[in-house]
Amino acid sequence: MKAIGPQGWGHRWILSLIVAATFCAVAGLPLQATEIASPVVEEANPAKVAPFNPAAADHGAEVQRLLAAMSLDEKIGQMCQVWPETGELTPVIQESLRNGEVGSLINCASPELIAEAQRLVREESRLGVPLLIGRDVVHGYRTIFPIPLGQAASWNPKLVERSAAIAADEARSQGVNWTFAPMVDVCRDPRWGRIAETLGEDPYLSGELAAGMVRGFQQERGGQLHGLLACAKHFAAYGLSEGGRDYNRTSLSIADLHNIHLPSFRAAVDAGCRTLMTTFSEVNGIPGTAHAYLLQEVLRDGWQFSGVVVSDWNSVIEMVAHGYSADEAEAAKQAVNAGVHMEMVSPTFHEHLARLVEQGAVEEAAINEAVRRILRLKLQLAARQEEAAKPGDAAAATSELLRPRSLELARRAARESIVLLKNGNNTLPLQRDKLRNVAVIGPLADAPLSQLGCWAVDGRAEDSITPLDALREALGETAEVVYARGVATTYSNEAQDFTDATRVAADADVVLLFVGEDAVLSGEARSRSTLDLPGVQSELVKAVAAAGKPIVMVVLAGRPLAIGAECDAADAVLYAWHPGTMGGPAITDLLLGAASPSGKLPVTFPKHVGQVPLYYGHSNTGRPSPADFRPLTQSQGKDLPIQFQYRSHYVDGDPFPLFPFGYGLSYTTFAYDGFELSAPSIEPRQTLAVRARVTNSGSRAGVEVAQLYVRDLAASLVRPVRELKAFRRVYLRPGESQPVEFTLDADDLRFFNNEGRSVLEPGRFAVWIGGDSTATLGGEFELSGEESAEETPAVARVPKQDEPAESSVPQQPVRVDNGT
Ligand code: BGC
């Protein structure tokens with residue numbers, strides 16, 4: 001559970017209680033709890049009103065009815081999200097629930113506490129408006145799936161959707177109805193610890209997966225949400241935190257904002273995502289929590305978003321620390337006026353909004369708008385809330401957790417997330433019949449908590465099956481599995497004696513070496529200044545390699561690591577991210593060949609931290625580095641040869657990745673040929689079919705992720721050297737071929753300019769199809785003719801999302817098919 005500074009709701013009121021109690025005691029006055037509990041005192045509306053009707057057929061009318069009946073304090077209450085910091089519903093919180101001063105609770109300690117809070121508002125508050133119960137169900141609830149970055153490596157939106165649906169079912173059974181996921185921030189700097197929570201570096205891939213997650217979490221049918229409210233976060237550009245240091249400023253052009261950082265949010269909104277969270281950080285000098293351009297021009301007016309915007313944890317109050325708000329009252333005013341509808345944890349809305357409305361600094365219309373949006377969501381969740389409140393459902397709720405089918409899906413998700421980076425001499429899959437003695441070494445071979453990764457708040461170590469458990473289970477009958485941890489933790493820097501590890505390695509037929517990062521090294525506020533294998537693990541790898549046995553290195557980590565030397569020392573390398581509850585069995589499935597790896601990197605792997613940000617969709621520059629560039633440090637004491645001088649690289653290192661975006665091997669091989677375009681040129685309203693044939697050229701069945709990249713060769717703003725526009729997973733038996741066809745349309749060729757306008761410019765485009773972002777099979781086509789002014793969307797690209805969400809079946813974005 002998160003620790004919180006002294007600004008917390010509980011703290012504030014507890015402090016006021018102490019101050020007031022002291023004052024009363026000194027002054028000899030009696031203390032009235034309600035006087036303390038309600039800093040903004042307003043006459044309660046005594047009129048008798050029918051309470052919130054969860055079964056109301058006409059949501060719009062019900063919202064209006066409630067709004068008309070609410071006092072200003074009750075309305076503001078809906079905009080306050082409170083953290084029961086002590087793990088209990090303190091008398092102060094109970095009182096404010098009764099008074100209708102709380103719209104949502106975050107991080108409730110138990111289903112019982114949630115049920116009691118819902119009962120309190122339903123039965124004892126005047127209007128009985130249910131609570132939104134928020135929780136970070138990021139990659140699973142009890143059944144933990146791979147970290148989002150790992151799930152992104154599956155390139156499988158359908159699987160991601162199914163995983164989110166399991167998470168939603170589990171969480172919902174415990175009374176949670178709002179998850180703060182998906183995190184859709186695009187990140188190109190692996191130093192940032194929160195890269196683990198992202199869906200990678202690419203706007204399109206992130207968007208496709210985010211949409212899948214939203215559908216899975218929300219499970220929307222007929223306008224009702226059968227899962228959780230999803231929350232796309234952190235709006236926007238949080239992934240660009242300067243220096244990879246969390247909470248740091250972000251600074252970017254309007255074009256980059258729209259082309260790189262907003263598309264994944266747009267995809268989430270188009271998939272029907274009901275809530276968005278603002279970023280902690282400042283974006284071009286304005287904190288995300290008061291960013292009117294983002295919240296109004298882009299989100300409200302451009303995208304016609306009709307859901308709820310919640311601030312991040314204390315991010316309203318933190319605008320004072322940023323140096324943007326003079327005091328907390330101003331912070332509340334700026335947040336609401338910019339378009340924030342609910343305040344997470346810090347109590348500035350509660351403490352200042354009523355007065356700000358009285359003073360005319362905040363329009364009551366803004367409060368009404370926020371409350372309307374919040375009430376609509378509550379009605380969309382209502383049916384299931386009623387269900388969850390049925391008495392005697394505790395056993396049923398528990399049986400929803402860790403179901404066999406959920407664990408099976410978590411195993412599959414982990415398997416599909418793992419990327420095979422190297423497989424020298426076809427070391428993998430291991431031949432079980434040749435194994436007599438298997439050495440399992442490393443700090444992450446048996447680390448049940450760490451394999452869950454960051455943000456596994458309800459995950460439990462005792463539910464995890466570790467690689468050591470799974471290998472013993474799978475091999476125990478036929479081979480001896482000998483374990484040596486090697487080092488205590490991944491990050492301890494103390495010099496170690498690796499004797500145990502080297503001894504077991506010396507006796508083994510094969511060494512399985514589990515290294516990487518403990519979960520505490522990634523996630524929020526877990527940025528790193530290096531990307532090396534932390535601690536003394538590199539020494540461990542060297543010591544074990546000296547035994548001369550075949551080594552399979554399995555890396556569990558929350559970010560791409562610069563592990564070139566370690567990859568050289570190993571024969572085969574699997575990158576397993578933090579794979580979740582079923583990580584052990586999933587890794588074992590791949591090691592023993594029960595399945596072939598199919599994961600592809602959703603993020604570029606640098607060779608060295610000094611190269612970051614390093615990403616495939618970079619600009620060419622006027623002086624790109626030649627592909628055969630060798631740095632000065634490798635030129636035997638001579639200066640760089642002339643062809644390497646004055647080029648875009650480092651004198652002591654090249655600008656190329658260790659592994660490129662989209663890369664990943666399998667136990668078979670795939671070949672591409674037969675590239676063709678349906679036409680040499682298209683006009684704005686036409687589509688272009690791009691085809692190739694992919695063949696399984698190896699001897700095992702496998703899944704290939706065919707990827708389509710485009711480059712706009714000359715444009716009014718320099719465009720990236722490649723942009724992913726489509727992908728498809730293709731299952732092929734040995735020797736089998738399949739055509740893959742992608743359809744490009746004008747929307748795929750657009751980009752945003754620095755006025756935030758979407759433009760489509762005629763000219764030549766290059767296009768490639770292949771197995772990663774370095775694909776060479778491709779051609780060129782022409783986009784000719786202008787589109788008419790009416791056809792050019794402004795900030796928004798896709799038609800408006802249906803207002804009121806009461807009825808809504810959200811519009812699906814029209815994209816090329818990404819079948820599984
Ligand atoms: C994080 C959010 C998270 C929230 C609630 C914040 O610190 O930035 O991503 O959803 O806490 O736990």
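Seven nonpolar, one polar and six charged residues form the shell around the ligand in this predicted model. These 14 residues surround the ligand, and the closest are Asp136, Arg194, His234, Asp312 and Glu524. Three of these names return when the polar atoms of the ligand are examined. The side chain of His234 places an N or O atom 2.6 Å from an oxygen atom of the ligand. For Arg194, an N or O atom of the side chain is 2.7 Å from a ligand oxygen atom, and a polar side-chain atom of Glu524 likewise lies 2.7 Å from an oxygen atom of the ligand. Of the 310 Å² of accessible area that the ligand has on its own, the protein covers 99%.

A step back to the whole chain gives the setting for this site. The protein chain holds 24 helices and 28 strands, and buried residues make up 60% of its 820 residues. Among contacts in the chain with a separation of 6 or more, 77% are between residues 24 or more positions apart. The chain exposes about 30200 Å², of which carbon and sulfur atoms supply 51%.

The interior comes next. In soluble globular proteins, nonpolar side chains tend to be buried together. Here the largest nonpolar core has 195 residues, and the members that touch the most others are Phe235, Phe349, Ile441, Tyr575 and Trp577. Helix 16, spanning residues 364–388, gives the most to this core, with nine residues. A second, separate core of 31 residues includes Ala414, Ala445, Leu512 and Val554. The surroundings of Tyr575 can be followed residue by residue: beyond its neighbours within four places in sequence, Tyr575 is in contact with Ser417, Ile418, Val419 and Leu421, with Val555, Ala557, Arg559, Pro560, Leu561 and Ile563, and with Phe605.

The buried residues are Ala255, Leu257, His258, Asn259, Ile260 and His261. Their packing partners are helix 9 (203–218), helix 11 (263–270), helix 12 (292–302) and strand 25 (751–752).

Asp458 is found in the loop between strand 14 (437–441) and helix 19 (467–475). Its relative accessibility is 15%, under the 20% limit, so Asp458 counts as buried. Leaving aside neighbours within four places in sequence, Asp458 is in contact with Arg135, Tyr141 and Arg142, and a polar contact of 2.9 Å joins the side chains of Asp458 and Arg135.

Lys607 has its place in the loop between helix 23 (583–591) and strand 19 (670–677). At 35% relative accessibility, Lys607 counts as partly exposed. Apart from residues up to four places away in sequence, Lys607 touches Ala562, Asp654, Phe656, Pro657 and Leu658. With Asp654, the link runs through the side chains, which make a polar contact of 2.6 Å. Lys607 and Asp532 are 75 residues apart along the chain, and their C-alpha atoms are separated by 9.5 Å.

Notes: Residues are numbered from 1 along each chain as its sequence is written. This is a predicted model: local features need pLDDT of at least 70, side-chain atom pairs count only at pLDDT 80 or more; totals for chains, interfaces and linings use all residues. Side-chain values use heavy atoms; hydrogens and water are left out. Buried means under 20% relative accessible area, exposed over 50%, partly exposed in between (1.4 Å probe, protein chains only). Helices (H or I, at least four residues) and strands (E, at least two) are DSSP runs, numbered from the N terminus. Contact means heavy atoms within 4.5 Å. Accessible areas come from the Shrake-Rupley method with a 1.4 Å probe; for residues, only the protein chains shown count as cover. A residue is near a molecule or strand if one of its heavy atoms lies within 4 Å of it. A polar contact is a pair of N or O atoms within 3.5 Å; within protein, one must be able to donate a hydrogen and the other to accept it, and residues adjacent in sequence count only if both atoms are side-chain atoms. Ala, Val, Leu, Ile, Met, Phe, Trp, Tyr, Cys and Pro count as nonpolar, Asp, Glu, Lys and Arg as charged, and the others, Gly among them, as polar. A nonpolar core is a set of buried Ala, Val, Leu, Ile, Met, Phe, Trp, Tyr and Cys residues joined through side-chain atoms within 4.5 Å.
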